[in-house]
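Please look at the model with both in mind.

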Amino acid sequence: MIWKDEFQAVVGRGGVTDDPKVLEGYAADNSYTAPRRPALVVSPATRDEVIAVVKLAHAKDVKLVPVSSGPPHFRGDTIPAVKDAVIVDLSRMKRIEWINRRNRVACVEPGVTFDQLQRELERQGMRAMIPLCPRGNKSIIGAYMEREPFTVPKYAWDLGDPIASSELIIGDGTMVRTGGGQGPGKTFEDQRKVGGAHKLPLSSTFKDLRRIAQGSQGSFAICTWAALRCELLPQEEKIFFAGSDDIARLVEASKRFQYLRLLDENYLLSGLNFACLVEKDPAGITELHKRLPAWVLVTSIAGRG
């Protein structure tokens with residue numbers, strides 16, 4: 001199989017597979033993208049292994065498809081677009097580098113899921129900015145690199161939020177750090193000694209490669225860690241629901257609430273989507289959907305301290 005021995009030399013025998021059953025799991029998803037089976041699945045466990053994989057692929061002209069979330073997939077961005085592509089499965093990179101409550105930031109690797117990070121954040125009275133109902137094996141960096149909107153928009157100050165600093169491995173294997181991750185100091189330890197928190201998204205040259213990497217579906221670079229903006233857990237919270245068959249009324253209300261920045265949660269669902277969110281079995285979903293208006297606005301007010 002294509003370059004199998006070379007990739008095994010980089011990540012070890014346990015990190016490479018050409019098992020047809022495994023390859024089939026990456027050949028299609030729940031989108032309308034045409035299926036295509038990859039040649040290999042390579043699973044690096046460290047940043048240095050990612051760099052070595054990218055350099056090898058660059059030298060051999062092998063196309064790479066980064067994947068960090070577990071199945072099922074829905075957007076076609078994990079299916080190879082060309083023949084003999086190699087999947088780079090980042091799910092083994094599960095380290096939470098650090099959590100800083102004072103600056104409300106957490107540094108994580110791409111294999112870290114929402115469940116894993118939230119459990120650690122709650123121990124320090126914090127929370128991640130979470131999209132609507134992510135599955136348990138969803139990579140938090142995978143979601144943020146594709147700019148999935150989270151449900152507390154008052155903390156979305158910039159298109160790139162909640163990613164602040166990041167570390168990217170670009171196409172020739174060069175490592176690039178963005179934002180506060182550039183320094184001063186070459187290592188995490190050096191930067192923290194001088195009070196660095198990696199929360200600043202802009203670099204000293206104001207060249208923000210994070211913006212290029214985000215939304216590129218892994219075609220520009222592989223992200224090996226990111227510093228994520230977090231918030232404190234609310235001590236009090238009250239949730240409100242408003243329903244209407246006229247979506248324009250709810251859109252206007254949501255815009256007004258957001259303009260005043262009064263709310264935490266603020267999102268709008270169709271009646272069917274809301275029923276799917278609340279009920280699990282098909283009969284319950286159908287029954288609730290019949291009793292709901294066409295659209296439901298969900299908002300909440302929260303406070304702490």
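The notes below start with the basis of the values, then take the pockets and the sheet in turn.

This is a predicted model, in which local features need pLDDT of at least 70, side-chain atom pairs count only at pLDDT 80 or more, and totals for chains, interfaces and linings use all residues. Residues are numbered from 1 along each chain as its sequence is written, and side-chain values use heavy atoms, with hydrogens and water left out.

**Pockets**

- A pocket is an open set of points on a 1 Å grid where a 1.4 Å probe fits, with protein on both sides within 12 Å along at least five of seven lines; lining residues have an atom within 4 Å of a point.
- Of the 30 residues lining the largest pocket, Ser 69, Asp 77, Lys 138, Gly 142 and Glu 148 lie nearest its centre.
- Of the 25 residues lining the second largest pocket, Lys 63, Leu 64, Val 65, Gly 218 and Ser 219 lie nearest its centre.

**Open sheet**

- Three strands (DSSP runs of E, at least two residues) form an open sheet in the order E12-E14-E13, with antiparallel pairing.
- Pairing requires at least two DSSP bridges between two strands, and 9 bridges join E12 to E14 (residues 295-303).
- Glu 237 stands opposite Ala 302 in E14.
- The edge strands, each pairing on one side only, are E12 (236-244) and E13 (266-270).

Methods
Helix = DSSP H or I, 4+ residues; strand = E, 2+ residues; numbered from the N terminus.
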